[in-house]
Amino acid sequence: MNQKYAALVTGANRGIGYSIAKYLIAAGVDVIGTYHANAAEAKAAEAALGTGRAKLRMLQLDISDHASFTDFTAQVGMLLDDGPAGSVLKYVVQNAGNIIHTRFDAATPEQLDNQYTIHFKGPYLLTVALLPLICDGGHILNVTSAATRFYLPDHGPYSAMKGATEVISLYMAKELGERRITVNAVAPGAVASDFGGGLVRDNVAVNTSLAEITPLGRVGLPDDIGAAVAALLSENMHWVNGQRIEVTGGQSL
């Protein structure tokens, strides 16, 4: 019997995370997704994305509450063991996040702490907690942002924490190489989703201005990122390691 593989995708109830789960399930990978607070939305995602080949199961997670990670990892382990043969955790996608729009000189200590905890400390410590479950030869993908390489107004604290994630991804790739675990960072550009209050999706002026600086003539969609992540996690890409990959339609050119 072929080994069944599973992925953990944080923030899989909506937007980019939902699309990542959708594409992985289409490839036959079971997905354990997380949501922060909206249980009804999580249940709807489970119902919408499950197929005969693979399924989505959602767990509640507050990525800022590192004290909960031991219990959360135990829950993940129980889901992996569920079923006739069980499955192995091969993929971890750190996607969950938020954004606080502010100039660098207007950010409060509390806002900085929030962005640090949600975008760096939380995913960092969650990955550490999950390492005993990740199989040798597995893949870790950290979702960062194209805004670590070019200026966007009021993105300073958010982008700085994403920049830190890109740096630690290099160290993770080196230090997990002994287990043949690859670690990469994928950096989306502007995406029309509900992230950041739906600014790119719902504000026509913002959407238009970002589309005008993108060679392909539009902003991204969640499925643009979900499809790219699924491709990066495929075995055809096993030799890509320690890289930051932009998925922007050329927005930063």
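Start with the lining of the largest pocket in this predicted model: colour its residues by type, and they divide into 23 nonpolar, 20 polar and five charged. The lining has 48 residues in total. The pocket itself has a volume of about 1100 Å³.

To centre the view, select Gly97, Asn98, Ile99, Phe195 and Gly196, the lining residues that lie nearest the centre of the pocket.

Next, show the secondary structure around the pocket. Helix α1 (15-26), strand β2 (30-35) and the helices α4 (109-130), α5 (156-175), α6 (199-202) and α7 (204-212) each supply at least two residues of the lining. The largest share, three residues, comes from α1.

Now move to the interior. Nonpolar side chains in soluble globular proteins tend to be buried together. Here the largest nonpolar core has 29 residues. Select Val9, Leu24, Val31, Leu56, Val93 and Val229, which have the most contacts inside this core. Elements that each supply at least two of its residues include the strands β1 (5-9), β3 (56-60), β4 (88-94) and β5 (134-143), along with the helices α2 (39-49) and α8 (222-232). Helix α1 gives the most to this core, with five residues.

Finish at Leu56. Which residues is Leu56 in contact with, leaving aside its neighbours within four places in sequence? Select Ala21, Ile25, Val31, Gly33, Ala45, Glu46 and Leu49 to show them.

Conventions. Residues are numbered from 1 along each chain as its sequence is written. This is a predicted model: local features need pLDDT of at least 70, side-chain atom pairs count only at pLDDT 80 or more; totals for chains, interfaces and linings use all residues. Side-chain values use heavy atoms; hydrogens and water are left out. On a 1 Å grid over the protein atoms alone, a cavity is a set of points where a 1.4 Å probe fits but cannot get out, and a pocket is an open set with protein on both sides within 12 Å along at least five of seven lines; lining residues have an atom within 4 Å of a point. Grid points are joined across faces, edges and corners, and a volume is the space filled by probe spheres set on the points. Helices (H or I, at least four residues) and strands (E, at least two) are DSSP runs, numbered from the N terminus. Ala, Val, Leu, Ile, Met, Phe, Trp, Tyr, Cys and Pro count as nonpolar, Asp, Glu, Lys and Arg as charged, and the others, Gly among them, as polar. A nonpolar core is a set of buried Ala, Val, Leu, Ile, Met, Phe, Trp, Tyr and Cys residues joined through side-chain atoms within 4.5 Å. Buried means under 20% relative accessible area, exposed over 50%, partly exposed in between (1.4 Å probe, protein chains only). Contact means heavy atoms within 4.5 Å.
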